[in-house]
Amino acid sequence: MRLLVTGGAGFIGSHFARKALAESVDHLVVLDALTYAGNLSTMQDIRAQGTVWVQDRIENAEGVAHVLRDHRITHIVNFAAETHNDQSLFNPLAFATTNVVGVQNLLLQARLQGVERIVHISTDEVYGSIAEGSFTEESPLEPNTPYSASKAGGDLVCRAEWKAFQTPVLVTRGGNNYGPYQYPEKLIPFFISRLIDGKKVPLYGDGSQVREWIHVGDHVDGIWTVLARGKPGEAYNIGDHNEQENRVVVQQILQLLGRDESLVKSIPDPRKGAHDARYRMSCEKIQALGWSPIRPFAEELARTVAWYVDNPGWWREIVARERYQDFVRRFYGPSLGDDL
Ligand code: TYD
């Protein structure tokens, strides 16, 4: 297998690239635009193992065509995406560009060059929110934020490529990930990094929203399973059935860091009506391929907290950036005030 991993300098993509190296692929190319969320520091170890590194965007037709041709790529796994709901409230066009146009370009170039198999990484958020029960792969896509709408767009572009051209593309829809190297804008690493420094953390509303957390290691194992054994044209949910209310996750992080509840500040919900109350997927389809999650949440959350405590260099360099601080100021300034 001659594999192209797009978005490999980001959180989940870098874990998948490590997995691919462990599985001894014949040739590995990582392509990443190095937007704010992609970091060369995230993939230092991957580059050190002979991986080819290309800085480019998936919406660049010529660039993608060159990489596919020059490296005789047979398989693609696409992680390249804008991923943060809160950022999408400010800058929705960047999300449509990468998550819809970029996916279409990648599939078009893959089709033109006869790539054997493409796995596109989507998200459970394309389904919207579910009060009871679980989403199956057949549930309607009803996204509620510019981020999830753009992911649903990319997801449907994959469907149409399969229907119209039999482009051999498979889609995975994962739950909320956590683990090392997650950019400190998402709930878990944002809160860990602030609590390490004794700063207050902003909990949206009453914190009763439910997310289905899956460790990034289980997620990339699931993606590998779909790459190896999934059926082209199909979508696969990848979840852990590990439902946790945000406020309960925050309690666990406080405990692990020896901080108390006075550091949690409830703020008016910035996502308003677009804040999904609950995600939950059924995963029988991928389980039938032989995959199940094996990493328990409590233990792995403790390890994740320990990783951020032990690797301050990785995240401190990020949170010191002007762009990071500017977003935090603009987004949280009005509600956190002096606690910023
Ligand atoms: P997030 O990590 O942004 O993932 P997603 O929006 O994809 O689920 O948020 C997870 C949950 O945590 C979500 O319900 C929003 C909430 N949240 C907060 O309460 N405070 C925060 O500062 C952030 C970033 C998220």
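Visitor: Are D86 and R271 buried or exposed?
Guide: This is a predicted model, in which local features need pLDDT of at least 70 and side-chain atom pairs count only at pLDDT 80 or more, while totals for chains, interfaces and linings use all residues. Residues are numbered from 1 along each chain as its sequence is written, and side-chain values use heavy atoms, with hydrogens and water left out. Relative accessible area under 20% is called buried, over 50% exposed, and in between partly exposed (1.4 Å probe, protein chains only). By that scale D86 and R271 are both buried.

Visitor: How many residues apart are D86 and R271, whose side chains meet in a salt bridge?
Guide: A salt bridge here is a side-chain nitrogen of Lys or Arg within 4 Å of a carboxyl oxygen of Asp or Glu. For D86 and R271 the N to O distance is 2.7 Å. D86 sits in helix 4 (residues 85-90) and R271 in the loop between strand 12 (264-267) and helix 10 (284-287), with helices (H or I, at least four residues) and strands (E, at least two) taken as DSSP runs numbered from the N terminus. The pair thus links distant parts of the chain, and the separation is 185 residues.

Visitor: What percentage of the ligand's exposed area does the protein bury?
Guide: Oxygen atoms of the ligand lie 2.5 Å from a polar side-chain atom of R271, 2.7 Å from one of H275 and 3.0 Å from an N or O atom in the side chain of Y332. Taken alone, the ligand exposes 510 Å², with areas from the Shrake-Rupley method and a 1.4 Å probe. The protein buries 97% of that.

Visitor: How many salt bridges does a search of the whole structure find?
Guide: E59 and R57 form one of them, at 2.7 Å, N to O. K19, E23, D218, D221 and R295 are linked in a network. The search finds 21.

Note on methods. Polar contact = N/O pair within 3.5 Å; in protein donor to acceptor, adjacent residues only side chain to side chain.
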